[in-house]
Amino acid sequence: MSLKYHVVRKRDMLKEAAPGDMLYYGQIRTNDRITYSELCKQVERQTMSTGSDVIIIIDQLVALMEQHLLKGEIVELGPVGNFRITAGAPGVEREEDFHPSMFRRGKITFVAGTLLKEITDRISYEKYPFITKIVTQ
């Protein structure tokens with residue numbers, strides 16, 4: 001299997017680019033989406049678990065991840081990867097001027113583990129036919 005892509009013309013993002021300079025960039029196209037329900041059904045078919053067992057396990061995993069992430073812990077999922085919460089804040093000149101309300105909205109950061117990193121070694125690309133798109137910014 002290969003990832004589909006198309007080529008789009010966009011503004012040149014290099015610092016030394018002149019205003020109005022355009023370049024062609026490749027963009028990956030998603031083919032479809034697998035829903036939570038469909039994924040649970042696939043796990044059910046490939047294991048000895050019932051559909052409701054799969055849903056309970058995944059829901060409980062997410063609930064436990066929420067608890068541990070909110071405590072500031074890194075959640076390790078073995079070869080799948082790690083999850084952690086990150087948030088940035090602007091700098092201040094004096095420590096006493098910093099307040100927790102200065103943090104921007106937190107994000108869940110995912111770092112792929114060995115299992116998912118190996119997937120990227122097997123990627124191939126195939127041009128998606130008949131798509132020409134001009135993006136102006």
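Two strands pair if DSSP finds at least two bridges between them; strands (E, at least two residues) and helices (H or I, at least four) are DSSP runs, numbered from the N terminus. The model is predicted: local features need pLDDT of at least 70, side-chain atom pairs count only at pLDDT 80 or more, and totals for chains, interfaces and linings use all residues. Residues are numbered from 1 along each chain as its sequence is written, and side-chain values use heavy atoms, with hydrogens and water left out.

**Pairing of β1**
- Strand β1 (residues 3-11) pairs in the parallel sense with strand β6 (residues 125-127) over three bridges, and Y5 has K127 in β6 as its bridge partner.
- β1 also runs antiparallel to strand β2 (residues 22-29), joined to β2 by eight bridges; K4 is bridged to R29 in β2.

**Open sheet**
- An open sheet consists of three strands in the order β3-β4-β5, with antiparallel pairing.
- β3 (75-76) and β5 (107-112) are the edges; each has a single partner strand, so one side of each lacks a neighbour in the sheet.
- Two bridges link β3 with strand β4 (residues 81-86), and E76 is opposite N82 in β4.
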